[in-house]
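Q: Before we go through this model together, could you show me how to read its features one at a time, starting from the overall picture and moving to single residues?

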Amino acid sequence: MAEGIDPDQTTFSPRSSLGWDAIGITVKNQHPVETMQFMNFLASEEGQYLLMWGVEGVHWDMKDGKHVPRPEVLEGFANDWGGYSRETGIRKWTWFINNGYGSDGTPYDLVTKYEKDAVSTHAMISMANSNWDTAPYDDIGPTAGTPEALAEQKITDIIDTAFTNMIYAESEEAAEALYHAMIQEIDSNQAAAVEAIYTEKYNQHLELWK
């Protein structure tokens, strides 16, 4: 934590873009200003595309005002993600990465966002107005080791089993019966108490963000 910051008053998890890379400038660094300038560049749009797309004219081209990856780049990642990343440097260092899109509408994350399968495409449509970052909602569940945390795990197990059974149900009536049985079993395993903890911690976060 920075000087004067109480860890108990923080709400973002390590997934947050507020510093999950854990990069810092040590007292031995003789060029702190230049280091910050370098970090600022990496966090800029130009830096994001360099880290995640590679070099213009080598790995991608600008066509009609948009970044367009070269086919061999997409093929290289499809065939050997790790090896091709080491070979080209693309996505080798995922520093200061923005989850969203550049000014031309193309995603900063070429490999996982440019070409998507059917499931990912549907998810992206559903999340069209989302910043994708769930970090503000992390760590609002029951504290590990508490009775409520054990209840939450039990509820998760119940849901996982019930949904599998519902998928293989032989009729709509059977699926509905399994669903209602799942809800009853969840309610009997302190679901209300678990939900109350989520609500309380979420409201506490809202107070901190004001």
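**Reading the fold**

A: This is a predicted model, and of the 210 residues of its chain, 27% count as buried. The accessible surface of the chain comes to about 14,400 Å², and carbon and sulfur atoms account for 54% of that surface.

Q: How many helices and strands are in the chain, and what pattern does the chain follow along the sequence?

A: The chain has nine helices and two strands, and reading along the sequence gives the pattern α-α-β-β-α-α-α-α-α-α-α. If we take the contacts between residues at least 6 apart in sequence, 62% of them join residues at least 24 apart.

Q: In which sense do strands β1 and β2 pair?

A: Strand β1, residues 60-63, pairs with β2 in the antiparallel sense, over four bridges; at one of these positions, Trp-60 has Pro-69 in β2 as its bridge partner. The two strands form a hairpin with two residues between them, and Asp-64 in the turn has a positive phi of about 55°.

Q: Which residues of α2 are buried, and what covers them?

A: A residue counts as buried when its relative accessible area is under 20%. In α2 the buried residues are Gly-47, Gln-48, Tyr-49, Leu-51, Met-52 and Trp-53, and what covers the buried residues of this helix includes α1 (32-43), β1, β2 and α5. Just after α2 comes Gly-54, which takes a positive phi of about 100°.

Q: How many aromatic pairs are counted, and what is the geometry of the pair formed by Tyr-49 and Trp-53?

A: Two rings are counted as a pair when their centres lie within 6.5 Å, and planes over 60 degrees apart make the pair edge-to-face. By this rule the count comes to four aromatic pairs. Tyr-49 and Trp-53 form an edge-to-face pair, with 5.6 Å from centre to centre and 70° between the planes. These two residues are four apart in helix α2 (residues 45-53), so they are separated by about one helical turn. Tyr-49 is buried, with a relative accessible area of 3%, and Trp-53 is buried too, at 0% relative accessibility. Together with Tyr-108, Tyr-49 and Trp-53 form one aromatic cluster.

Q: Which residues form a nonpolar patch on the surface?

A: The patch consists of Phe-38, Phe-41, Leu-50, Val-55 and Val-58, which together have about 400 Å² of accessible area. Val-58 lies in the loop between α2 and β1, and with a relative accessible area of 46% this residue is partly exposed.

Q: Where is Arg-91 found, and what is the phi of Gln-190?

A: Arg-91 is found in the loop between α4 (81-88) and α5 (110-113), and although Arg-91 is not a glycine, its phi is positive, at about 65°. Gln-190, likewise a residue other than glycine, has a positive phi near 65°. Gln-190 is found in the loop between α8 (172-187) and α9 (191-209), and at 41% relative accessibility Gln-190 counts as partly exposed.

Definitions and conventions. Residues are numbered from 1 along each chain as its sequence is written. This is a predicted model: local features need pLDDT of at least 70, side-chain atom pairs count only at pLDDT 80 or more; totals for chains, interfaces and linings use all residues. Side-chain values use heavy atoms; hydrogens and water are left out. Two strands pair if DSSP finds at least two bridges between them. Rings of Phe, Tyr and Trp (its six-membered ring) pair if their centres lie within 6.5 Å; planes under 30 degrees apart count as stacked, over 60 as edge-to-face and the rest as tilted. Buried means under 20% relative accessible area, exposed over 50%, partly exposed in between (1.4 Å probe, protein chains only). Patches are made of residues with over 30% relative accessible area and no salt bridge: like charges are joined within 9 Å, nonpolar side chains (Val, Leu, Ile, Met, Phe, Trp, Tyr) within 5 Å. Accessible areas come from the Shrake-Rupley method with a 1.4 Å probe; for residues, only the protein chains shown count as cover. A salt bridge is a side-chain nitrogen of Lys or Arg within 4 Å of a carboxyl oxygen of Asp or Glu. Contact means heavy atoms within 4.5 Å.
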